[in-house]
Amino acid sequence: MSVLEQIRDRAKSKRRRVVLPEGTEPRVIQAAVKIVEQGLAEVTLIGPFDQLTALAAEHGLDTSKVTLIDPQTSELTGKFVEDFMVLRKAKGITQPE
């Protein structure tokens, strides 16, 4: 068994979630779909919902098994902001930023 196969097998057994904030990049959407199809991880893409779905359709990609989160409309955005503030408070970041 090759090293790459060992890594894939370990990823499949752990079944982690990967969150990709670059959801409006076609290559990222392609990678997300491939990761999910291969059963390596669950994937969440962050970006404007209409752009995510349009790009996926344009490239013939099925994102039905990928979680899509639009930060402008998601109820999770407030929680994300709080968590980010905690992580970056030492750097002096403010909530509006």
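Predicted model: local features only at pLDDT ≥ 70, side-chain atom pairs only at ≥ 80, totals over all residues.
Reader: Why is Ile29 called buried?
Author: Buried means under 20% relative accessible area, exposed means over 50%, and partly exposed is in between (1.4 Å probe, protein chains only). Ile29 has a relative accessible area of 1%, so the word is buried.

Reader: Where does Ile29 lie?
Author: Ile29 lies in helix 2. Helices (H or I, at least four residues) and strands (E, at least two) are DSSP runs, numbered from the N terminus.

Reader: Why is Ala31 put in its accessibility class?
Author: Ala31, also placed in helix 2, has a relative accessible area of 33%, so Ala31 is partly exposed. From Ala31 to Val43 there are 12 residues in sequence and 9.5 Å in space, C-alpha to C-alpha.

Reader: What makes Met1 count as exposed?
Author: The relative accessibility of Met1 is 68%, so Met1 counts as exposed. Met1 sits in the segment before helix 1 (3-14). Not counting residues up to four places away in sequence, Met1 touches Gln6 and Asp9.

Reader: How do you know whether Leu52 is buried or exposed?
Author: The relative accessibility of Leu52 is 1%, so Leu52 counts as buried. This residue is found in helix 3. Not counting residues up to four places away in sequence, Leu52 touches Gly23, Thr24, Ile29, Leu45, Ile46, Gly47 and Leu68. Leu52 and Ile69 are 17 residues apart in sequence, and 9.3 Å separates them in space, C-alpha to C-alpha.

Reader: Which residues of helix 3 are buried?
Author: In helix 3 (residues 49-58), the buried ones are Leu52, Leu55 and Ala56. Seen down the helix axis, the buried residues fall within an arc of 100°, so they line one face of helix 3. The arc is that of the directions from the helix axis to the C-beta atoms.

Reader: What is on the other side of helix 3, and what covers the buried residues?
Author: Asp50, Ala57 and Glu58 are exposed on the other side of helix 3. The cover over the buried residues includes helix 2 (26-37), strand 2 (41-46) and strand 3 (67-69). Just after helix 3, Gly60 takes a positive phi of about 65°.

Reader: How many helices and strands does the chain have?
Author: There are four helices and three strands. From the N terminus on, they run α-β-α-β-α-β-α.

Reader: How do you know whether the chain is more spread out than a compact globule?
Author: The radius of gyration is taken over C-alpha atoms, and the globule rule is 2.2 Å times the number of residues to the power 0.38. For 97 residues the rule gives 13 Å, and the radius of gyration of the chain is 16 Å, well over that, so the chain is more spread out than a compact globule. Its C-alpha atoms fill a box of roughly 50 × 35 × 20 Å, taken along the principal axes.

Reader: What share of the chain do buried residues make up?
Author: Of the 97 residues in the chain, buried residues make up 24%. As for contacts between residues at least 6 apart in sequence, 55% join residues at least 24 apart.

How values were computed:
Residues numbered from 1 in each chain as written. Heavy atoms only, no water. Contact = heavy atoms within 4.5 Å.
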